[in-house]
Amino acid sequence: MATDGGSRFVIVGNIRVRVIKGNLSDQQVDVIVNSNGSDLDLSKGRASKALLNAAGFGIQLECQQRYPNGIQDGTIAITSGGQLSCKAIYHGALAKYSSKQDEQILQNLIDASLKQAESDGHQTIAFPALGAGKLGYPAATVAEIMLTCVKNITPQSLQEVLVVIFKKDHDLFKTFLTVAKTYIPSQADVHKPTAQPQVSKTVPQNSPKICKPEVEIIVGALNNVQADVLVCSGPKDLQLSNGGLSEALLRIAGRQMQDELNNNYPNGVEYGDISVSGGYQLPCKFVYHGALPKWGTNQPDPSSTLEKFMEKCLETANNHSTRSIAFPTLGVGSLHYPSDQTAKLMVKAIRDFTTKHSRMNIRKISIVVYNGSHDWSKVQNEFMSELNGGPSRVTAVPGTPATSSLTRQSCSGQVGGIPVTVLVGSLVEQKVNVIVNSVAHDLAMTSGTSAAIGSAAGPWLSQELAQNYPQGINHGDIAVSKGHNLSSNEVYHGTLLPWYSKRSGSTKLPDELLEDFVLGCLEKANKSGYTSIAIPALGTGFHKFPADVAAAKIVSSVEKFSKQRQQQSISDIRIVLYGGSTDLPKLETAFRDEINQVNSSGKTSAVASVPNKPKNFQSVPQRGTKAYLDYKYREALRSPPYWTKYTSDKKLKGWNLQVKAGKFHLENIDQVTHGSIENALKKTLGNAQIVSIQRLENVELFLKYGEECQRLFRKASVEGNFTSLDKIPQSHGPVKAMRSLDHSMTKHTHSEINEYYFFHATKSHYVDVICSQGLDSRLAASGRLGAGVYGAEVASKSHQYAGCDSKNRYPMFLVRMSLGDIYLTNSGGNYKRPPCKICTNPVCATHQEIHDSVMANGGAFSDREFVVYDRNQSYPEYLIWYTC
């Protein structure tokens, strides 16, 4: 068997099977398989209980909710990964071994897991030695069944299977290795001759390339081209003998290919989808079959269907870890696709694919022009022309390798005087001194960015790590290897903690560990005299770090490094974002915001670091949804990310234990926020001259305000969304103050609970009291809407209640208020609380539902006024001193 980072692996069919010692819960894979009883009580059994402890009780709740009656032996239940880094956990039911019949149940369980992983589009899956422990299944039998199941599947997405043996089970480990060795092909199989293609004409060596992979034009017959995958467009019913290219392939492949399609795809295939068969007698491993509509039809659209088909073929081939794929000129011929349009569509699909993926298993894409057609020379020229100068060509980013023509620059800036560039593209193509890599404890490079690095560097990198670090590495360590086939001198490897994990024996939290790792890499590179380093978006893949947290910690580490007194040689730091990430827009925004903030203020913004989110937390739901309301209700309360004294890296309750009651901090604000507030004030108080604007940071007050906001989020979730202020009948639209404020401020408010900024003026001698204790209606005379906390949408209205100090300066607060369910009146009233929602009585003993605030609009009110009767529904965030 081959070795990789100290583990053992064998290729079974087209899937890599790795046998390792370790803990199942530590594996960085898409899916973890867990063995338990049919009642799905995860607390039973050593392995299942350990997994439950690591993933959190949330997965047990998922089992209870989704499978209240349990499951049958040999089947699986699916839950999220909880606090683990995996995307899903498959819980399989398995009874104690009593006879040979139980082996079929074990096989059913393994088959179900593999097929489900394929169905879900997962690439990696980790099994324990199912049943080989206390359940009494013979170890050799378990290994044989598992490997046979792997061998029998035709993978489309699945690339690797891990078999994880508990560290102390030495005999079990040896048994699995012994069985796995029987799957190593013999020398005769390895050197078995393959058919050579008879190509009529091949474009010379200057064939055009699109970055990686190489793209070539071949003139000849598709069935003569040797590639890992051949693509065939044929009939929807997949009856290949119905003519054209499919019939030509069938004649060479043999009847077995048709039989496989009949068994696996009895209903044929829809336009744009693919079905996969073996190559049989063809010079390929797989054939991808599909169907396209005739040119000129409307449903489905031929152009978009062709692009969709191309995308699926390329994605599937890349997931199969195949190195080469060959396409015919799709649609040209009996389907009457114009050859120039087909050339544009196919080349665009290839460019889109190579732009999207930084990890590229495919090394060659061939487009085969059939020389049996009368105009094959014209078709060849059209494809050549499109490849050489089509409109999809992407210009290389200055300062990056010429081969990275599909890498683009997202943003750049200075962090502590060091140039930092954020790129979207391929990490492995960066020509730098050092590439940074995140790996598992055992230094196995099998998934995500690490797999791309391992593939590009060649097998020597893994061998070097296995030799120099036979026991793997611990959190906080940096393993150093050469770059080998990479365009870098060295690669720095480190292991991170999942975002929602426990400390796992480490003295640091996950975000602290990330920051220290990046800082350590910068220091090590600098000590070696290197000038350039490339860093991926560490933590945002398997470790599930939020984009803003990862960006904040990586940029913060650069800033800390820049402040060190030692002489710095590093002058080029690149942060490379994977172009195929589903979170790419969030990542770009997060890194751009962090770098822009450093450029504008010289400080790295404090971003919420939440190691103790609810156990069933996966990601932030979409704004405006019920899931988002529930998320905000459960969220651990923290200060806003722009606070600088009481930063958001600690929960508000944690700060509250350290800060004396009534203590507050006034902080000068940045120019953007200052200009935004000044603009809003002067819109209706034009003769005002700003003296100062400061932000109030009061932990106790903001905690109380946050708890009131959470009450409103819960109310909206349970009772239904509140009517937005600008949609209330007879209301005069959005809050005027909000229209004048910059988005950098308003983005932190929540329209879901009608949270807005308002003006609130006061007497000068009340300023310190308000900063310390908050707005209190008992300190002011009762207004036209009763005794509450008032907010005005225009500064001129609020100014009527201001009182100047000895220097003729007036104080006014810009207040955050959460109005919740708003009651509208145009006549006023002496309210002590919002009126009843049913009968509108100020005090009602019959109904339970009341409004949360009152708005006066129209009638006796020339300007809108807003009142909350619980002072904790308001927070005086900005203190403005002005003259007029």
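Let's start with helix H2, residues 58-66. Gly58, Ile59, Gln60, Glu62 and Cys63 are buried there. What covers them? The cover over the buried residues of H2 includes helix H1 (46-55), plus strands S5 (76-80) and S6 (88-93). One caution before I go on: this is a predicted model.

Next, a helix pair. H9 spans residues 302-319 and H10 spans residues 339-356. In general, two packed helices are described by the angle between their axes and the distance between the axes. Here the angle is about 40°, and the axes of H9 and H10 are 9 Å apart. Angles under 35 degrees would count as roughly parallel, and 65 to 115 as roughly perpendicular. H9 and H10 are therefore oblique to each other. Their crossing is right-handed.

Who makes the contact? From H9: Ser303, Leu306, Glu307, Met310, Glu311, Leu314, Glu315 and Asn318. From H10: Thr342, Leu345, Met346, Lys348, Ala349, Ile350, Asp352, Phe353 and Lys356. By type, the contact of H9 with H10 has 8 nonpolar, 3 polar and 6 charged residues.

Now the cores. In soluble globular proteins, nonpolar side chains tend to be buried together. The largest nonpolar core in this model holds 63 residues. Ile677, Leu681, Phe759, Leu814 and Tyr882 have the most contacts inside it. Which helix gives the most to this core? Helix H20, residues 699-719, with 9 residues.

Is Lys715 buried or exposed? Its relative accessible area is 8%. The cut-off for buried is under 20%, so Lys715 is buried. What does Lys715 touch? Beyond four places in sequence, the list is Gly720, Phe722, Asp821, Ile850 and Asp852.

Last stop: Ser438, in strand S18, residues 434-438. Ser438 has 16% relative accessibility, so it also counts as buried. Which residues is Ser438 in contact with? Leaving aside neighbours within four places in sequence, they are Ser450, Gly494, Leu496, Leu538 and His543. Take Leu538 from that list. Ser438 and Leu538 are 100 residues apart in sequence. In space, C-alpha to C-alpha, Ser438 and Leu538 are 6.9 Å apart.

To recap: H9 and H10 cross obliquely, with a right-handed crossing.

Conventions. Residues numbered from 1 in each chain as written. Predicted model: local features only at pLDDT ≥ 70, side-chain atom pairs only at ≥ 80, totals over all residues. Heavy atoms only, no water. Core = buried A, V, L, I, M, F, W, Y, C linked by side-chain atoms within 4.5 Å. Buried < 20%, exposed > 50% of the residue type's maximum accessible area, 1.4 Å probe, protein only. Helix = DSSP H or I, 4+ residues; strand = E, 2+ residues; numbered from the N terminus. Axes fitted to C-alpha atoms, helices over the stretch in contact; angles between N-to-C directions. Parallel < 35°, antiparallel > 145°, perpendicular 65-115°, else oblique. Left-handed = near helix turned anticlockwise from the far one by under 90°. Contact = heavy atoms within 4.5 Å. Nonpolar A, V, L, I, M, F, W, Y, C, P; charged D, E, K, R; others polar.
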